[in-house]
Amino acid sequence: DLVPIELPPDRPITPEVFGITPTFMIRMWNRINGEQKEFLGRVIVPAEELLNPESGIRAYNLEVDPTIEKMQENERRRQDAIEAHKMKEKKVKAFKKPPEPFEIQGKLFLRISAPKSDENDIPIQWRVEILKASKIACVHNAHKSSPYCEIFWRGPAERDGESFQFDDWLELGFTKTKERTLDPVWRRDDWGIYEFPPYWTV
């Protein structure tokens, strides 16, 4: 998902500084009765924006996720095979009606800041606030969704003073679910504020 980026000569990114370039991802899901259901889109904030942060609120388009698409396609094939087997065994009379398709759409609004930089003025710590989304996909019959966000990080991390790198996505948490809305808003107590890189103590 990462694309090599070009920064001014005075803001180099080198393996000695970060190893893998830092980035984070947010996936939005629909939740029904406490269960994760339809995928509503993702946002990936690239290293270029983290290392050159702009002040204020930024809007990001929710996009498809090839990994999720592949998983969902495999699950559809598995369900089709199960239904076909039931038909063959005459346990059911007809296939179940497949869910209505929908297109991923809408925007996610974030506030990103860099409260700490190194001696070369390169940001090394970030604070991300998930604020709201607008006009997300509708997946309920009542023309609403119940969205929540999952937060992932890829890059440096620290545990008890020891630094190391995550080359794959690390899930850090999730926001509260906003019931039956296409324009959710997450308040400060809705688990939507995260600081990167992650730090743990034992």
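Which residues touch the most other members of the largest nonpolar core? Before selecting them, note the basis of this tour. The model is predicted, so that local features need pLDDT of at least 70 and side-chain atom pairs count only at pLDDT 80 or more, while totals for chains, interfaces and linings use all residues. Residues are numbered from 1 along each chain as its sequence is written, and side-chain values use heavy atoms, with hydrogens and water left out.

**The whole chain.** Display the protein chain as a cartoon. Two helices and nine strands are present, in the order β-β-α-β-α-β-β-β-β-β-β from the N terminus. Helices (H or I, at least four residues) and strands (E, at least two) are DSSP runs numbered from the N terminus. Of the 202 residues, 35% count as buried; buried means under 20% relative accessible area, exposed over 50%, and partly exposed in between, with a 1.4 Å probe and protein chains only.

Select residues 23-32 (S1) and 35-45 (S2). These strands run antiparallel and are joined by eight bridges; strands pair if DSSP finds at least two bridges between them. Phe-24 lies opposite Val-45 of S2. Two residues separate the strands of this hairpin, and Asn-33 in the turn has a positive phi of about 50°.

**Strand S3 and its partner.** Next, select residues 57-61 (S3) and 107-117 (S4), which pair in the antiparallel sense through five bridges. Asn-61 stands opposite Lys-107 in S4. On S3, Arg-58 and Tyr-60 form the covered face, whereas Ile-57, Ala-59 and Asn-61 form the uncovered one.

**The core.** Now show the side chains of Phe-24, Met-28, Leu-108 and Leu-110, which touch the most other members of the 27-residue core. Such a core is a set of buried Ala, Val, Leu, Ile, Met, Phe, Trp, Tyr and Cys residues joined through side-chain atoms within 4.5 Å. S1, S2, helix H1 (47-51), S4, S5 (123-134), S6 (147-159) and S8 (193-196) each contribute at least two residues. S5 provides the largest share, four residues. Centre the view on Leu-108: beyond four places in sequence, its contacts (heavy atoms within 4.5 Å) include Ile-26, Met-28, Val-43, Tyr-60, Ile-130, Cys-149 and Trp-186.

**Ala-114.** Finally, move along S4 to Ala-114. Is this residue buried or partly exposed? Ala-114 counts as partly exposed because its relative accessibility is 27%. Leaving aside neighbours within four places in sequence, Ala-114 is in contact with Pro-53, Pro-123, Gln-125 and Trp-126. The C-alpha atoms of Ala-114 and Pro-53 are separated by 6.9 Å, although the two residues are 61 apart along the chain.
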